[in-house]
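Please open the model in your viewer and have the selection tool ready. The tour goes stop by stop.

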Amino acid sequence: MARDMSPVLKRCRALGLEPTFLGIDKKSNRNFARAGKKVSEYGLQLREKQKAKFIYGVLEKPFRNNFDKASKLKYGTTGENLMILLELRLDNVMFRLGYGRTRTEARQIVDHKHVLVNGKCVNIPSYQVKAGDVISIKEKCKSAQRYKDILEVTGGRTVPAWLEADHENLTGTVKEIPSRDQIDVPVNEMLIVELYSK
């Protein structure tokens, strides 16, 4: 499985991102050298795309596929639909519920077949959840020390309004499909649409 192995804090600095959006509470003390340079319109559009790909941990091809799918949906704008599709990925939902410190860890948990969706084992991180889906950790994995450690870190994190988490039983429910204003990701999706529609 292909992965982006670039140093996280360095990448956050380059994209002007706060590491907290990735679930990392480290701070980078260095200033970014190119901060004063004027960025072209294409440069801005590219940066927004790279930001979205980096936050959700998606590589170019699946990102492009999501964009194509978003542009074919009958409701909403393409940019909003793209953000909603990325938000409904199973690895992201696990992260949002607080069952992974970072999206990368949530993806690993899904990969290792610890996750049930409506009682069925799903090990595809890009699986699209739907409204009403119940996501839970397998019974035999619930007692693992790993989840106690994760919840210790993520316990204070607020679960978005479109999800419902039961940390006692390590389950969560997708109450509804999120709207764009419920997604707290600092990405201007309109620039991504402009980039792809060139």
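What follows is a list of selections, each with a note on what is there.

**Before you start**

This is a predicted model, in which local features need pLDDT of at least 70, side-chain atom pairs count only at pLDDT 80 or more, and totals for chains, interfaces and linings use all residues. Residues are numbered from 1 along each chain as its sequence is written, and side-chain values use heavy atoms, with hydrogens and water left out. Helices (H or I, at least four residues) and strands (E, at least two) are DSSP runs, numbered from the N terminus.

**Stop 1: H1 and H2**

Select residues 8-15 for helix H1 and residues 41-56 for helix H2. Their axes are 10 Å apart, and the packing angle is about 150 degrees. Axes here are lines fitted to C-alpha atoms, for helices over the stretch in contact; angles run from 0 to 180 degrees between N-to-C directions. H1 and H2 are therefore roughly antiparallel to each other. The cut-offs are: under 35 degrees roughly parallel, over 145 roughly antiparallel, 65 to 115 roughly perpendicular, the rest oblique.

The crossing of H1 and H2 is left-handed. A crossing is left-handed if the near helix is turned anticlockwise from the far one by less than a right angle, and right-handed if clockwise.

Now show side chains. H1 brings Val-8, Arg-11, Cys-12, Ala-14 and Leu-15 to the contact, and H2 brings Arg-47, Gln-50, Lys-51 and Phe-54. Contact means heavy atoms within 4.5 Å. By class, the contact of H1 with H2 has five nonpolar, one polar and three charged residues. Ala, Val, Leu, Ile, Met, Phe, Trp, Tyr, Cys and Pro count as nonpolar; Asp, Glu, Lys and Arg as charged; the others, Gly among them, as polar.

**Stop 2: H4 and H8**

Next, select helix H4, residues 78-87. Eight of the ten residues of H4 are buried, so H4 is largely enclosed by the rest of the structure. Buried means under 20% relative accessible area, exposed over 50%, and partly exposed in between (1.4 Å probe, protein chains only). The buried residues of H4 are Gly-79, Asn-81, Leu-82, Met-83, Ile-84, Leu-85, Leu-86 and Glu-87. They pack against H2, H3, H5 and H8.

Move to helix H8, residues 189-196. H8 is mostly covered, with six of its eight residues buried. Pick out Glu-189, Leu-191, Ile-192, Val-193, Leu-195 and Tyr-196; these are the buried ones. What covers the buried residues of H8 includes H2, helix H3 (60-72) and H4.

**Stop 3: H5 and H6**

Select residues 90-97 for helix H5 and residues 103-111 for helix H6. H5 and H6 pack at about 115 degrees, with their axes 8 Å apart. This crossing of H5 and H6 is right-handed. From H5, Leu-90, Asp-91, Asn-92, Met-94, Phe-95 and Arg-96 meet Arg-103, Ala-106, Arg-107, Ile-109 and Val-110 of H6. The classes in the contact of H5 with H6 are six nonpolar, one polar and four charged residues.

**Stop 4: Thr-154**

Find Thr-154 in helix H7 (residues 145-154). Buried or exposed? Thr-154 is buried, with a relative accessible area of 1%. The side chain of Thr-154 reaches the backbone oxygen of Gly-98 at 2.7 Å. Leaving aside neighbours within four places in sequence, Thr-154 is in contact with Gly-98, Gly-100 and Arg-101.

**Stop 5: loop residues**

Go to Asp-181, in the loop between strand E5 (171-174) and H8. Asp-181 counts as exposed, at 72% relative accessibility. Draw a C-alpha to C-alpha distance from Asp-181 to Glu-80: 9.3 Å in space, against 101 residues in sequence. The side chain of Asp-181 also makes a polar contact with the side chain of Ser-179 (2.7 Å). A polar contact is a pair of N or O atoms within 3.5 Å; within protein, one must be able to donate a hydrogen and the other to accept it, and residues adjacent in sequence count only if both atoms are side-chain atoms.

**Stop 6: positive phi**

Most residues other than glycine have a negative phi. Select Asn-118, in the loop between strand E1 (115-117) and E2. Asn-118 has a positive phi of about 50 degrees. It is partly exposed, at 45% relative accessibility.

End at Leu-170, in the loop between strand E4 (163-166) and E5. Phi of Leu-170 is near 50 degrees, a positive value. Leu-170 is buried, with a relative accessible area of 4%.
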